[in-house]
Amino acid sequence: MVAMSGGVDSSVTAALLKQQGYRVQGIYMRNWDTADERGVCTSTQDWEDVQRVCDTLKINCTQVNFVKEYWTDVFEQTLDDYAHGLTPNPDIQCNQHIKFGHLMQHVPKGTFLATGHYCRSYNGQLWRGRDRRKDQSYFLSTVKSDAIQRTLFPLGEFDSKAQVKAIAHQLDLHVAQKRESMGICFVGQKRRFADFLAEYIKQEPGPAVDLDGNLIGQHKGLFGYTVGQASRICHGSDKWFVAHKRVSDNTLVCVPGSDHPALFHSALTARDWVWIEGRPPFAIENVLVDAQVRYRMAPQKAVLSALDDGRYHLKFLDPIRAMAPGQQVVIYRDDWCLGGGVIQDIDPL
């Protein structure tokens, strides 16, 4: 059973598995029920693309509706996090609760789920995809090993996305030229994320200050700003970047320059930790791991230790720029993805 989105990756996944002799069926998840900013229901177009691909491949397809589940398990939590000044990752939540949660319940026992993710699995272990530029194991870091063991990731063995597109062209799949979706599914491709959030979260404008508390301007609502990014606050000749969102008094703290020392931190504490295998694969006592706090960043060496309350502490060998509460920190041992947690606190240098 292939989770199909209407894009080239899941379409090629279905084609490859059929070529390998599997009995393949496509399944499409409808997670959102509102038109995008131009009034075009993208989920309707995606479903039409899925049906057309499945017709070309001569396989059956079906649609499942998880609109209610997505709203409850992903969207409401995302809104709550942003309202509290956090920087959540709804894609990780969607994989954990929807695709490998509710969708997996629709997969009969003895049947594999397959997805177009660029990653690999071995006996329930999650590994990076061979193409490190496309590797998506970061987004699956909270999926448990029993689900990983029931899932096939054919694209994880490819060296580049170009190879996948070439297969789509060879098979004359109409989605071969379809643009890759880069936005969060419920926002749309062209709408500013802050404008979308403003429809659901009421936040008042407030002061923007420097590290000494001097007023440098006004922000339009804390949820529209991300730590490490340009603040769009005009003050003097400097370009100001977001260092901290102080929810307690609705204040945006900014620093001049993208490489200001206040944007760098050396350690963090993470909550809601998930080990993919259900437990640590080795003793956790000042163990050296590779860690990422964002999807597109090179893994950094860090020392991991367990705290008595179930949280984990990571001390990086080199300071990391723009770490923010709410981000997901994911740890690896070489290419083996072990799990991760939500950043709760960030330690100063």
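## Surroundings of Thr13

Leaving aside neighbours within four places in sequence, Thr13 is in contact (heavy atoms within 4.5 Å) with Val2, Ala114, Thr115, Gly116, Pro154 and Leu155. Thr13 belongs to helix H1, residues 8-19; helices (H or I, at least four residues) and strands (E, at least two) are DSSP runs numbered from the N terminus. Thr13 counts as buried because its relative accessibility is 0%, where buried means under 20% relative accessible area, exposed over 50%, and partly exposed in between, with a 1.4 Å probe and protein chains only.

## Basis of the description

The model is predicted: local features need pLDDT of at least 70 and side-chain atom pairs count only at pLDDT 80 or more, while totals for chains, interfaces and linings use all residues. Residues are numbered from 1 along each chain as its sequence is written, and side-chain values use heavy atoms, with hydrogens and water left out.

## Nonpolar cores

A nonpolar core is a set of buried Ala, Val, Leu, Ile, Met, Phe, Trp, Tyr and Cys residues joined through side-chain atoms within 4.5 Å. The largest one has 37 residues, and Phe100, Leu103 and Leu126 have the most contacts inside it. Two or more residues each come from strand E2 (25-30), helix H3 (67-83), helix H4 (90-102), helix H5 (145-149), helix H7 (193-197) and strand E17 (328-333). H3 gives the largest share of this core, 5 residues. Another core, of 27 residues, lies apart from it; Val8, Ile167, Leu173 and Ala176 are among its members.

Leu103 touches Ala3, Ile27, Met29, Val64, Phe66, Ile98 and Leu113, not counting residues up to four places away in sequence.

## Helix H4

The buried residues of H4 include Pro90, Ile92, Cys94, Ile98 and Phe100. At the start of H4, a side-chain oxygen of Asn89 reaches to within 3.1 Å of the backbone nitrogen of Asp91. H4 spans only 16 Å between its end C-alpha atoms, whereas a straight helix of 13 residues would span 18 Å at 1.5 Å a residue; the expected span is 1.5 Å times one less than the number of residues.

## The open sheet

An open sheet of mixed pairing is formed by 5 strands in the order E9-E8-E12-E11-E10; two strands pair if DSSP finds at least two bridges between them. Strand E9 (215-219) and strand E10 (230-235) are the edge strands, each pairing on one side only.

Strand E8 (residues 206-209) and strand E12 (residues 251-256) pair in the parallel sense over 2 bridges. Ala208 has Leu252 as its bridge partner in E12.

Technical notes
A polar contact is a pair of N or O atoms within 3.5 Å; within protein, one must be able to donate a hydrogen and the other to accept it, and residues adjacent in sequence count only if both atoms are side-chain atoms.
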